[in-house]
Amino acid sequence: MVDRVPRCPVCTGVVKPDIVFFGEMLPHRFLLHLADFPTADLLLILGTSLEVEPFASLSEAVRSSVPRLLINRDLVGSLARHPRGRDVVQLGDVVHGVKRLVELLGWTEEMRDLIQRETGKVGAAESHGRGRLFCSGVWSTWSGTLFG
């Protein structure tokens with residue numbers, strides 16, 4: 001993938017990752033989950049600046065009694081400006097912080113199995129020239145090469 005833009009083998013358009021870019025509309029499914037915040041028992045916040053709305057204010061959408069766990073390089077957003085008594089902050093490398101959380105929860109073996117399983121899926125898709133791509137406004141499965 002050295003300095004080459006991935007292209008759809010069907011329409012030759014640029015392949016877009018499964019993310020929302022700044023300025024793009026959020027998918028409809030995002031709005032369906034906003035109702036979950038007031039009923040949450042725990043809020044995990046990982047790897048973010050909490051500067052772009054609507055995500056920046058979501059950490060305030062949980063009840064004040066709900067613990068908020070921030071695993072991040074920096075202290076950000078309302079956790080920096082208006083910390084709550086039940087907030088927990090793990091600053092530093094996000095991957096290291098998540099690994100530490102997994103260890104504390106006793107989930108190391110399950111995480112290792114999950115990583116192996118998912119890595120195997122990616123490896124199999126790459127070796128068979130298959131995967132998911134966003135083309136003409138829809139997600140679809142691709143076969144072949146994306147780099148011509």
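## Report on a predicted chain

Leucine 42 is partly exposed, with a relative accessible area of 48%, where buried means under 20% relative accessible area, exposed over 50% and partly exposed in between, using a 1.4 Å probe and protein chains only. The model is predicted, so that local features need pLDDT of at least 70 and side-chain atom pairs count only at pLDDT 80 or more, while totals for chains, interfaces and linings use all residues. Residues are numbered from 1 along each chain as its sequence is written, and side-chain values use heavy atoms, with hydrogens and water left out.

The chain has 4 helices and 5 strands, and read along the sequence they follow the pattern α-β-β-α-β-α-α-β-β; here helices (H or I, at least four residues) and strands (E, at least two) are DSSP runs numbered from the N terminus. Of the 148 residues of the chain, 24% count as buried.

Leucine 42 is found in the loop between helix 1 and strand 1, and together with Leu44 and Leu46 it makes a nonpolar surface patch of about 270 Å². Alanine 35 also has its place in the loop between helix 1 and strand 1, and its C-alpha atom is separated by 9.4 Å from that of alanine 61, 26 residues apart along the chain.

The largest nonpolar core has 12 residues in all, among them Phe30, Phe37, Leu43, Leu58, Val62 and Val66; such a core is a set of buried Ala, Val, Leu, Ile, Met, Phe, Trp, Tyr and Cys residues joined through side-chain atoms within 4.5 Å. Not counting residues up to four places away in sequence, leucine 43 touches Phe37, Leu58, Ser59, Val62, Val66, Pro67, Arg68 and Leu69, a contact being heavy atoms within 4.5 Å.

The count of aromatic pairs comes to 1, with rings of Phe, Tyr and Trp (its six-membered ring) pairing if their centres lie within 6.5 Å, and planes under 30 degrees apart counting as stacked, over 60 as edge-to-face and the rest as tilted. The rings of phenylalanine 30 and phenylalanine 55 have their centres 5.2 Å apart and their planes at 65 degrees, so the pair is edge-to-face. Because phenylalanine 30 lies in helix 1 (residues 28–32) and phenylalanine 55 in the loop between strand 1 (43–46) and strand 2 (68–72), the pair ties together parts that are 25 residues apart in sequence.

The table lists relative accessible areas.

| Residue | Relative accessible area | Class |
|---|---|---|
| Phenylalanine 30 | 15% | buried |
| Phenylalanine 55 | 41% | partly exposed |
| Alanine 35 | 55% | exposed |

Notes:
Patch = residues over 30% accessible without salt bridge, like charges linked within 9 Å, V, L, I, M, F, W, Y side chains within 5 Å. Areas by Shrake-Rupley, 256 points an atom, 1.4 Å probe, with all protein chains shown as cover. Salt bridge = Lys/Arg side-chain N within 4 Å of Asp/Glu carboxyl O.
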